[in-house]
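Please walk me through this structure, starting with what its terms mean and moving from the whole to its sheets. A plain account in paragraphs will do.

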Amino acid sequence: SKVHYHDFLVQATPVKRLCKTHNAITVNGQFPGPTLEVNNGDTLVVKVTNRARYNVTIHWHGVRQIRTGWADGPEFVTQCPIRPGASYTYRFTIQGQEGTLWWHAHSSWLRATVYGALIIHPKPGTTYPFTKPARETPILLGEWWDTNPVDVVRQATRTGAAPNVSDAYTINGQPGDLYNCSSKDTVIVPIDSGETHLLRVINAALNQELFFTVANHQFTVVGADAAYVKPFSTSVIMLGPGQTTDVLIKGDQSPARYYMAGTPYQSAQNAPFDNTTTTAILEYKTAPCCTSKGAKIAPVSPSLPAFNDTPTATAFASKFRSLRRVEVPKHIDENLFFTVGLGLQNCPRNFRSRRCQGPNGTRFTSSMNNVSFVLPSNFSLLQAHKQRIPNVFTTDFPASPPLKFDYTGNVSRSLWQPQTGTKLYRLKYGSTVQIVLQGTSIFAAENHPIHLHGYDFYIVAEGFGNFNPRTDTAKFNLVDPPQRNTVGVPVNGWAVIRFVADNPGVWIMHCHLDVHITWGLAMAFLVEDGVGELESIEPPPADYPVC
Ligand code: C2O
């Protein structure tokens, strides 16, 4: 196994999109940031130097960070931020994961421009469980704001209103043909007739679940979140922010140019194939350029699901199976039930009314089990845990919601006013955990892509309505459920996940829609050290940032 050294320079860089140039925060002046390529078993050493005027941290999304929680990255969870002018070296080893992951800033909304692909090839001497593709292309779906995304979220927190939506969706940083001033930079993916390519699709958007499709072509899905799956074919995939999906695509259509398109799922602002659709072009090397009259031939347009096409999204999610039989924990030590959802909060008295711009004089909030998560500011949770620093967090995060009701019905918000807190849930090393993630629709029903740091979990079941332990338990797949780090909890529905708490440290679990993290849709697990030699977290690195 190899050690890969990289330098990440976080800096303001002029970037031109949608007819305007503004200073975006980038890594090494690149947007999207550099692609990292390793083999399973390799070690990454990334020195991050902060030359921007914001605090920053980098998270290696989906990397298990076994015993190296200090390198996980979420600010105030596993480290204090890297201050302007400072640096921190992340060091970690890829253990047992193969496929596509990614890295992104985990501080305010900086990940809008600070992100890149992390590609994990098979262990040296081993191969893919599918025919080796002729070529591999990362496809990073993203969101672009004409203004500074950090200002967008600051403005929203000041007023209590919902933050401005982005100005474009992007593929590899480019909005594509359907947006103003974007056509000449549209990403071209070349293909030869008969060739099979691997597309490593990553949803790096901040706040939007996205469908992705290529006109006239079928995908064969072979992996997700750096785990192989039983291959299945589909014409469209759907990814929540944080999720990755590896697909094979074959150059089996007549030589031409075909749109590859990303379009919102679950967003009010969508119409089919318009300027809420980001495009790239799959271009056959022998595609005719022009008509006999010399006019350029437009790429073939795809048919796209509608923004509210939940049946398509659900059917797609239900096709995932682990490639092989897996060891799902059968006996459960910790049987947890967490509600996830949005809410509204009365504005504090000293909040001037013209600043309180949420619905009906309230402001938006969100919570898990009625607790809206607040990050500490003087210590990271991990440091406070290891150094026994009191009054940074409590460990009374509830195992179940404080009251029961019809979670998918409309209830008055007086029934459900979240409290704020920095509450962790303590897990013994090696305990087996099941979490029912139940979506609520107190204010509005939405999908929530729930991401757990430090672990992959099995998604044993998903469904609509209220989870019913009597009837729904019978539907659990304990044989070959997919293993992922982010699960889309369906709108007005639930998902059940299982994992073994065998990675000591402090691990945040949150909705990967950044607007929902901003509102508190998060909690954290404190996983105790075990007694064995390799069952405790390593000591922190010498340059570990403190506050
Ligand atoms: Cu990809 Cu906590 O995030």
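Two strands are said to pair if DSSP finds at least two bridges between them. Helices (H or I, at least four residues) and strands (E, at least two) are themselves DSSP runs, numbered from the N terminus. This is a predicted model, in which local features need pLDDT of at least 70 and side-chain atom pairs count only at pLDDT 80 or more, while totals for chains, interfaces and linings use all residues. Residues are numbered from 1 along each chain as its sequence is written.

The predictor's confidence in each residue is the pLDDT, which runs from 0 to 100. Its average over the protein is 94, and 97% of the residues score at least 70. Where pLDDT is low, the predicted coordinates should not be read in detail. For the complex, the predictor gives an ipTM of 0.99 and a pTM of 0.96.

The protein has 5 helices and 32 strands. Its radius of gyration is 23 Å, close to the 24 Å that the globule rule gives for 547 residues, so the protein is as compact as a globular protein of that length. That radius is taken over C-alpha atoms, and the rule is 2.2 Å times the number of residues to the power 0.38. The C-alpha trace spans about 75 × 60 × 55 Å along the principal axes.

A residue is buried if 20 or more other C-beta atoms lie within 10 Å of its own, exposed if 12 or fewer, and partly exposed in between, with C-beta atoms placed from the backbone. By that count, 50% of the 547 residues are buried. Two residues are in contact if their C-beta atoms, placed from the backbone, lie within 7 Å. Among contacts between residues at least 6 apart in sequence, 78% join residues at least 24 apart.

His-6 has Val-46 of β4 as its bridge partner.

A second open sheet has 5 strands in the order β11-β19-β18-β13-β16, again with mixed pairing. Here β11 (188-191) and β16 (236-239) are the edge strands, each pairing on one side only. The twist averages 20° from one strand to the next. Strands β13 (residues 209-214) and β18 (residues 257-265) pair in the antiparallel sense over 6 bridges, and Thr-213 has Ala-261 in β18 as its bridge partner.

Strand β17 (residues 244-250) is largely enclosed by the rest of the structure, because 6 of its 7 residues are buried. It pairs in the antiparallel sense with β12 (residues 196-203) over 7 bridges, where Ile-202 stands opposite Thr-244. Strand β14 (residues 219-224) also pairs with β17 in the antiparallel sense, over 5 bridges, and Val-221 stands opposite Val-247.

Ile-297 is found in the loop between β19 (278-284) and α2 (310-317). This residue counts as exposed, with 12 C-beta neighbours inside 10 Å.

Conventions. Axes are lines fitted to C-alpha atoms, for helices over the stretch in contact, and angles run from 0 to 180 degrees between N-to-C directions.
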